[in-house]
Amino acid sequence: MPLILGVDLSAYWATTLLKVLVVLGLIPAGAIILGYVFLLKMMSHMQSRLGPMEAGPHGSLQLVADGLKFIQKEDIFPERSDRFVFAAAPIVVLLSTFLLYIVIPAGPRLIVEDLDTGIFFALAVSSLSVLGILMAGWASANKYSLIGALRAAGQLIAYELPLILAVVGVVIQAGTMSLQGIVMAQAEGEIFGVGIIGNPFIFTQLIGFMLFLVAAQAELTQAPFDMPVAESELVAGFMTEYTGFRFLFFFMGEFGTAFAFSAIGATLFLGGWYVPGVEGTLADVLGPLVLGAKIMAVAFFIFWFRFSYPRLREDQLQAFAWKLLIPLALVNIAVTGVLKVAF
Amino acid sequence: MVAQNLIFGVIAVAMGIAAIRVVTTQNIVHAALYLVVVLAGVAAVYILLAAEFTAVVQILVYVGAILVLFLFGIMLTRAPIGRTSDLDNDQRWLALAVSLLLLGVLAGVLADAFDDTKLPADAAVQRSGEVGTSIFQVYVVPFEVISVLLLAALVGAVVIARRD
């Protein structure tokens with residue numbers, strides 16, 4: 001048994017504590033990486049400007065500085081707010097993000113808990129964030145906040161369906177809902193009898209992947225689906241009244257969830273942590289790096305769309321989900337099912 | 001088993017308190033939020049019983065969808081912050097009687113069905129595959145009947161909602 005400082009690391013409480021600490025560190029780290037690389041730098045360079053350059057080399061410590069600033073700010077409650085619900089709302093949002101990380105595998109042994117319901121669990125807990133958003137909007141005692149929260153609830157419920165249906169194709173093909181099982185199904189797959197790189201489901205589930213990206217974009221309330229926080233109409237929607245570390249919680253929740261959804265997309269469609277021909281401990285070392293690269297690739301698309309398209313109107317947004325995405329996802333499931341039985 | 005019993009006690013007490021607060025609180029949004037605690041507690045009990053799939057469905061359907069729709073509906077119509085005095089009516093004793101009756105019936109049925117059967121100490125986590133098999137092979141006819149029933153309710157709701 002591995003001993004560090006006289007503590008048996010294989011004990012249940014020790015491994016659990018270690019896992020919790022790793023995830024607690026991963027959420028702000030993921031949020032800072034995505035925020036810096038895409039929000040600050042990629043958007044700036046795409047728009048022919050530099051973005052923040054002062055804090056750290058090439059402005060790389062800007063978000064750390066911002067975070068420190070937020071922590072120092074006064075903790076303000078609006079006078080007529082419902083204090084308890086107002087304070088609890090960001091925690092509910094962050095809790096949903098935190099739970100998402102439980103089922104994402106980064107290596108053969110690098111997973112918090114390989115649940116049998118894997119991806120289903122992830123989609124279920126991601127729907128909890130709506131609750132936090134509604135709580136935030138209502139407790140703020142501000143009509144713009146409430147409108148933002150209601151828009152968010154309508155949007156997130158509408159896009160949860162295509163998100164779940166897009167994943168069903170992958171689950172049918174892999175024959176399991178466990179994310180570790182889905183990675184192995186892709187690793188052991190073959191493309192026309194050639195099994196060198198396995199069979200990443202992006203080739204067979206291209207429609208599913210595109211549906212997943214669009215629905216995830218809407219679940220993350222990134223533009224063009226940013227009606228809930230439309231700054232020109234609603235200031236910042238449900239976040240308007242939040243300052244200091246409570247706002248920081250929302251920010252970390254948003255980007256931490258974007259990181260987790262990119263990881264889920266990379267795992268479901270791009271083969272996850274698997275490196276062909278690498279097994280055992282080496283896979284545990286290389287896995288997180290490979291998964292990280294794939295996360296950045298998926299996140300690149302999410303943020304590219306964010307900076308490229310103008311905001312959808314509310315009716316266009318709902319019609320897009322119910323009249324295009326959901327029927328397309330159902331057809332995809334039917335075709336996948338037929339092919340699965342046929343072959 | 002000690003740990004399970006301990007955790008069950010904690011969950012049960014939290015659910016009990018939250019359930020009482022659902023009906024005694026003076027704010028309609030708070031009532032809905034206490035209901036979240038109760039329904040999440042049900043999911044936690046499912047996990048204790050090693051019914052993982054059922055627990056996830058409970059979270060997805062009740063907490064993630066139904067209660068969000070509750071809150072959505074309440075907030076769209078009337079949801080003042082603070083206490084409202086007109087939430088109570090005169091039927092509390094009737095409600096208490098019905099609740100006690102329901103408790104008695106459920107407790108009686110459960111005690112009659114399981115008697116003193118004990119849960120296996122090392123219950124394996126229920127696999128989602130087994131759930132799928134029992135729904136789509138063993139109980140496929142009842143499943144389809146319930147689906148048609150739900151579809152009928154859905155169509156009915158749409159017909160009532162749009163009057164044109």
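## Report on a predicted model of chains A and B

B:Ala50 sits in the loop that joins α2 and α3 of chain B. Its phi is near 65 degrees, a positive value in a residue other than glycine. B:Ala50 counts as partly exposed because it has 16 C-beta neighbours inside 10 Å. The model is predicted, and it scores ipTM 0.82 and pTM 0.86.

**Confidence**

The mean pLDDT of chain A is 84, with 97% of its residues at 70 or more. Within chain A, confidence is lowest in strand β1 (residues 3-4), at a mean of 59, and highest in α8(A), at 90. Where pLDDT is low, the predicted coordinates should not be read in detail. Chain B has a mean pLDDT of 86, and 98% of its residues reach 70 or more. In chain B, the lowest confidence falls in helix α5 (residues 128-138), at a mean of 86, and the highest in helix α6 (residues 140-161), at 92.

The domain assignment divides chain B into domain 1 (1-84) and domain 2 (127-164). The C-alpha centres of domain 1 of chain B and domain 2 of chain B are 24 Å apart.

The contact between the chains takes 22 residues from chain A and 21 residues from chain B. On the side of chain B that touches chain A, α2 (28-48) and α3 (52-77) of chain B each supply at least two residues. The largest share of that side, 13 residues, comes from α3(B). By class, the side of chain B that touches chain A has 17 nonpolar, two polar and two charged residues.

A:Val85 has a partner in chain B. This residue lies in helix α3 (residues 83-100) of chain A. Not counting residues up to four places away in sequence, A:Val85 touches A:Met135, A:Trp138, A:Ala139 and B:Leu33. A:Val85 and A:Ser140 are 55 residues apart in sequence, and their C-alpha atoms are 8.9 Å apart in space.

Helix α8 (residues 206-219) of chain A has 14 residues, so at 1.5 Å a residue it should span 20 Å; its end C-alpha atoms are 20 Å apart, which agrees. α8(A) is mostly covered, with 10 of its 14 residues buried. Among the buried residues of α8(A) are A:Phe209, A:Leu211, A:Phe212, A:Val214 and A:Ala215, and also A:Gln217 and A:Glu219. The cover over the buried residues of α8(A) includes α4 (118-126), α6 (143-174), α10 (244-269), α11 (281-308) and α12 (314-342) of chain A.

The largest nonpolar core has 122 residues. The residues with the most contacts inside that core are A:Leu134, A:Ala149 and A:Ala215. Leaving aside neighbours within four places in sequence, A:Ala149 is in contact with A:Ile133, A:Leu134, A:Ala136, A:Gly137, A:Trp138 and A:Phe238. In soluble globular proteins, nonpolar side chains tend to be buried together.

Just after α8(A), A:Thr221 takes a positive phi of about 45 degrees. A:Thr221 is in the loop between α8 and α9 (231-234) of chain A. Like B:Ala50, A:Thr221 is a residue other than glycine with a positive phi.

**Burial and separation of selected residues**

| Residue | Other C-beta atoms within 10 Å | Class |
|---|---|---|
| A:Thr221 | 24 C-beta atoms | buried |
| A:Val85 | 21 C-beta atoms | buried |
| A:Ala185 | 20 C-beta atoms | buried |

A:Ala185 is found in helix α7 (residues 179-188) of chain A. Its contacts, leaving aside neighbours within four places in sequence, are A:Ala174, A:Gly175 and A:Thr176. A:Ala185 and A:Met227 are 42 residues apart in sequence, with 38 Å between their C-alpha atoms.

A:Gly337 is placed in helix α12 of chain A, one of the helices that cover the buried residues of α8(A). The C-alpha atoms of A:Gly337 and A:Phe245 are separated by 47 Å, and the two residues are 92 residues apart along the chain.

Terms used
Residues numbered from 1 in each chain as written. Chains lettered and ligands numbered in written order. Predicted model: local features only at pLDDT ≥ 70, side-chain atom pairs only at ≥ 80, totals over all residues. Domains from an automatic or database assignment. Contact = placed C-beta atoms within 7 Å. Helix = DSSP H or I, 4+ residues; strand = E, 2+ residues; numbered from the N terminus. Nonpolar A, V, L, I, M, F, W, Y, C, P; charged D, E, K, R; others polar. pLDDT = per-residue confidence, 0-100. Expected span 1.5 Å × (residues − 1). Buried ≥ 20, exposed ≤ 12 C-beta atoms within 10 Å, placed from the backbone. Core = buried A, V, L, I, M, F, W, Y, C linked by C-beta atoms within 7 Å.
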